[in-house]
Amino acid sequence: MTDPIELKNLTLKVRDFGPIARANIDLRPMTVFVGPSNTGKSYLAILIYALHRFFYGGNLPPYIFYGGNLRPYIFDRSLLTYEPSREEGLRYSEDDLHALGSWLRDFTAKEEGDASGNGASPALPEAVARLVRPYLEAVGAHEDVLSAEVARCFGVDDPSSLIRNAITRGSEIVLERHVAGNHGTESSLGYGYSTGRSEHGLSSRIPSATPLPAPRNVEWFRQSSSFFEMLPDVFPNDEHWNYIASAQFGQLASEILGQLVEPLGRVAYYLPANRTGVMHAHRVVVGSLIGQAAYAGFRQDTPLPQLSGVLADFLEQLVGLQEDRRKGPKQPIAERIEERVLQGNILIKSSPVGYPEFFYRPNGLKFDLGLVNSSSMVSELAPVVLYLRHVVRPGETLIIEEPEAHLHPAMQVEFMRQLAAVVKFGVRVIITTHSEWVLDELTNLVRLSELSESGRQGIEGGPYALTPEELGVWLFEPKKRPKGSVVKEIPFDGEFGGFRSGFDDVALGTYNDYAEITSRVSTESKVAQRR
């Protein structure tokens with residue numbers, strides 16, 4: 001077996017994109033964006049969502065016509081279209097497949113696969129890695145797909161409109177992953193996307209000197225190893241060997257690509273701001289869609305209003321939810337949010353036309369309220385409960401804009417504890433926020449990680465402690481030079497009391513104003529008494 005390697009956190013570098021002049025972040029299990037309004041927090045969150053859609057493959061239509069029939073398309077193979085057998089003639093030999101097959105059998109027999117998490121992973125043997133790299137490099141041929149997805153998610157016609165104001169050279173987005181060996185060596189690989197005023201480009205950087213990680217999907221190893229056992233008898237000639245080699249190396253590359261861009265290689269869900277308005281308008285939107293569908297053949301030249309991709313996806317996912325008919329207990333985190341924050345249950349019922357309708361049943365009552373008749377807090381958090389219960393799975397990413405919206409400070413604190421529980425459950429979370437209460441509770445959760453499990457007992461939030469490696473907080477700071485925001489990490493400062501977000505400056509400013517006003521009131525009062 002080869003020496004183990006370690007994949008560092010995926011780094012995302014952004015330049016001249018929307019309001020963002022420069023950003024350099026790494027994606028952690030919980031990633032928090034904080035800063036003044038109009039500094040690019042939502043821009044970066046939507047960009048991350050678009051990258052998820054691209055690398056996971058959710059940007060492509062769910063079905064294609066194949067042989068006259070409508071069949072599902074395999075999303076996670078869509079980016080790996082490199083076909084050496086067509087472009088370069090017969091490339092693979094029986095020895096190539098033998099090297100892959102023997103490595104698979106050896107790997108499976110020693111049960112060194114790891115099906116979850118980051119950390120050390122065996123490297124591919126170079127005899128196998130050199131035949132996988134061309135597939136990973138082939139991703140760079142899909143700049144048109146990525147451009148279309150970025151434009152769709154932002155609701156624009158062309159991604160060039162997202163270039164930072166007054167900048168002509170264009171935007172740049174770079175994904176970089178550092179790979180560390182066990183002898184202190186370190187190298188990197190990744191992808192870069194650039195957007196100019198008239199052209200776009202997607203480049204791949206997969207150096208031959210950088211080792212590639214073996215997949216962690218143990219089941220894939222077992223199936224592939226078993227498959228190779230039968231190959232010599234079933235496919236005895238070179239043509240068939242080459243065909244099978246292309247398929248096998250492509251599948252192997254697909255598994256590795258998911259790890260190299262992890263977590264972007266998995267599904268993400270985006271809960272946009274103003275969820276109250278969307279939930280209240282949900283029935284109207286559904287009714288409008290049905291009405292438009294009835295006249296589709298007569299109004300072909302009537303333009304439909306354009307939604308951003310994140311909002312359209314959100315509405316589509318809401319429409320796809322069905323009444324919960326499962327037996328057994330509810331998802332525990334969703335249930336805790338209902339119990340401790342909402343103080344009631346979120347329900348789904350089917351409408352007469354088959355579309356879902358959403359209701360709220362307060363604790364202790366036997367009747368249901370439509371969300372339009374419920375508080376804005378309920379409407380804001382209802383999608384979170386629904387997604388956690390019906391949609392999101394461990395390993396996937398949930399992006400929430402302004403989770404504190406319409407929540408009392410005490411409820412903001414409790415909700416942050418439950419989002420930390422979501423992270424502990426294995427779901428990655430990205431939030432944008434303006435709330436001091438949110439950061440204060442995250443500070444407590446990080447500080448709790450310094451205690452032993454017994455030391456945390458009796459403290460609210462104790463079970464959900466987050467280490468600094470699990471939580472990253474990034475400040476979007478407006479600058480005059482360059483004109484735009486610069487994104488930098490706010491390190492956890494235990495002596496200061498948490499994350500230096502600038503919220504304390506606002507509090508200090510209002511206190512100083514109050515002190516000045518009080519002083520003047522006292523002065524005027526004394527003057528009035530002398531008269």
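Author: Let us begin with burial: a residue counts as buried when its relative accessible area is under 20%, as exposed when it is over 50%, and as partly exposed in between. The model shown here is predicted. Aspartate 16 is buried, because its relative accessible area is 1%.

Reader: What share of the residues in the protein chain is buried?

Author: Of the 531 residues in the protein chain, 49% are buried. The accessible surface amounts to about 26300 Å², and carbon and sulfur atoms account for 51% of that area.

Reader: How is aspartate 16 paired, and with which residue?

Author: The general idea is that side chains of opposite charge can pair when their charged atoms come close. Here, aspartate 16 forms a salt bridge with arginine 15, with an N to O distance of 2.8 Å. Arginine 15 is partly exposed, because its relative accessible area is 24%.

Reader: How many salt bridges are there in total?

Author: The count comes to 27 salt bridges. One of them joins arginine 340 to glutamate 414, with the closest N and O atoms 3.8 Å apart. Arginine 340 belongs to helix H10 (residues 332-342) and glutamate 414 to helix H12 (residues 409-424), so this pair ties together parts that are 74 residues apart in sequence. Glutamate 414 counts as buried at 9% relative accessibility, whereas arginine 340 counts as partly exposed at 36%.

Reader: Which strands are tied together by the salt bridge between glutamate 477 and lysine 488?

Author: In that salt bridge, the closest N and O atoms are 3.2 Å apart. Glutamate 477 lies in strand S17 (residues 471-479) and lysine 488 in strand S18 (residues 484-489), so the parts tied together are 11 residues apart in sequence. Both residues count as partly exposed, glutamate 477 at 24% and lysine 488 at 42%. There is also a network in which salt bridges with shared partners join Arg340, Glu414, Arg417, Glu441 and Glu460.

Reader: Let us turn to strand pairing. With which strands does S8 pair?

Author: A pairing is read from its sense and its bridges. Strand S8 (residues 171-181) pairs with strand S1 (residues 4-7) in the antiparallel sense over 3 bridges, and isoleucine 5 stands opposite glycine 181 there. S8 also pairs with strand S2 (residues 11-17), again antiparallel, over 5 bridges; lysine 13 has valine 174 as its bridge partner. With strand S9 (residues 186-195), S8 has an antiparallel pairing over 10 bridges, in which serine 171 is opposite threonine 195.

Reader: Which residues of the largest nonpolar core touch the most other members?

Author: In this core of 63 residues, they are Leu44, Phe55, Leu124, Val132 and Leu136. Helix H1 (residues 41-56) gives the most to the core, with 10 residues. Leaving out residues up to four places away in sequence, leucine 44 touches Leu12, Val14, Ile20, Ile25, Phe33 and Phe476. A second, separate core has 62 residues, among them Phe314, Leu371, Leu475 and Phe503.

Reader: Finally, is serine 379 buried or exposed?

Author: Serine 379 counts as buried, because its relative accessibility is 0%. This serine is found in helix H11 (residues 376-390). Beyond its neighbours within four places in sequence, serine 379 is in contact with Arg275, Thr276, Met279, His280 and Leu371.

How values were computed. Residues are numbered from 1 along each chain as its sequence is written. This is a predicted model: local features need pLDDT of at least 70, side-chain atom pairs count only at pLDDT 80 or more; totals for chains, interfaces and linings use all residues. Side-chain values use heavy atoms; hydrogens and water are left out. Two strands pair if DSSP finds at least two bridges between them. Helices (H or I, at least four residues) and strands (E, at least two) are DSSP runs, numbered from the N terminus. Buried means under 20% relative accessible area, exposed over 50%, partly exposed in between (1.4 Å probe, protein chains only). Contact means heavy atoms within 4.5 Å. Accessible areas come from the Shrake-Rupley method with a 1.4 Å probe; for residues, only the protein chains shown count as cover. A nonpolar core is a set of buried Ala, Val, Leu, Ile, Met, Phe, Trp, Tyr and Cys residues joined through side-chain atoms within 4.5 Å. A salt bridge is a side-chain nitrogen of Lys or Arg within 4 Å of a carboxyl oxygen of Asp or Glu.
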